[in-house]
Amino acid sequence: MCKRSTKIFKNKTQTHTAHSHPRREGKKKKMLQFYGTYYHRIDDKGRVALPMKFRKTYDRALNNEEISSIDLVITPSPSKDGTEGRECLYVFTTEDFDVYVDSIFESAGGYNPRNKKHEQLMRALHAEVEDITIDSAKRINIPAKFRKITGLGKDVAIVGNAGHFEIWDAKRMESELESIDLETLIYE
C-alpha cells in the first residue's frame, strides 16, 4: 500500500511516495510493555520458559486485540564496538519489531530506500532476525547461533525493556546492573 505525502522545506515542496504496512496505518500503535528481571535456565534443546508476567502481557494483548497473534522475532542487540560479540538478545512481536526499526530511522526523517546508508542499515537489521514461537509449555527456542554470539550460558536473565524483552547471560546481567549508576543516568 502506498501513500503520497508532500513536505515543504524552506519554500521548496517535495513529494514522495512512502510504502506503508497495513498494520501501521491509522492510529499509532502502542508497543507492549515488559517490566522486571527474571532468572531462568535454558534447557538442553535451547528453550527457555517465559516469565509468567510476560505470558500474561501477551494473553491480555491478544484478548484486547492489541496484537493479532503472538508471532515473535529474536535478534542480537546491536554491536557497540563493531565486534562479533553482542550483549544480549532482543525479543519483539513482529509488529513491535517494525515499530523499533521505524524508530531508528525517525531521526533521519524516515527510511529512504534511495539512501545507501539507510539501505545497508535496513538490510543489517533484518538479516539477523529469526521468527520464533511460544510453544504449548510457554517456552521459546533460542537459536544456537544467537546463544553463541551473545555468550549465553544455561542461566539467563530475561529483562523487560518497554516494547521488547531482552535475554542476557545471568552473570553478564548482574555485572551490567552493578555497573549502572542510576542517579548519574537520571540527573546528568
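**Figure 1. Lys 138 in this predicted model is partly exposed, with a relative accessibility of 32%****.** The model shown here and in the later views is a predicted one. Lys 138 sits in the loop that lies between strand S7 (130–132) and strand S8 (139–141). The phi angle of Lys 138 is positive, at about 65 degrees, although this residue is not a glycine.

**Figure 2. Ala 162 lies in the loop between strand S9 (155–161) and strand S10 (164–169)****.** Although Ala 162 is not a glycine, its phi is positive, with a value of about 55 degrees. The relative accessibility of Ala 162 is 35%, and Ala 162 therefore counts as partly exposed.

**Figure 3. The second largest pocket has a volume of about 230 Å³****.** The lining of this pocket comprises 14 residues, of which Pro 76, Pro 78, Ala 124, Leu 125 and Glu 128 are the closest to its centre.

**Figure 4. Strand S5 (72–76), helix H2 (94–106) and helix H3 (116–127) contribute to the lining of the second largest pocket****.** Each of these three elements supplies at least two residues of the lining. By residue class, the lining of the second largest pocket consists of nine nonpolar, three polar and two charged residues.

Technical notes
Residues are numbered from 1 along each chain as its sequence is written. This is a predicted model: local features need pLDDT of at least 70, side-chain atom pairs count only at pLDDT 80 or more; totals for chains, interfaces and linings use all residues. Side-chain values use heavy atoms; hydrogens and water are left out. On a 1 Å grid over the protein atoms alone, a cavity is a set of points where a 1.4 Å probe fits but cannot get out, and a pocket is an open set with protein on both sides within 12 Å along at least five of seven lines; lining residues have an atom within 4 Å of a point. Grid points are joined across faces, edges and corners, and a volume is the space filled by probe spheres set on the points. Helices (H or I, at least four residues) and strands (E, at least two) are DSSP runs, numbered from the N terminus. Ala, Val, Leu, Ile, Met, Phe, Trp, Tyr, Cys and Pro count as nonpolar, Asp, Glu, Lys and Arg as charged, and the others, Gly among them, as polar. Buried means under 20% relative accessible area, exposed over 50%, partly exposed in between (1.4 Å probe, protein chains only).
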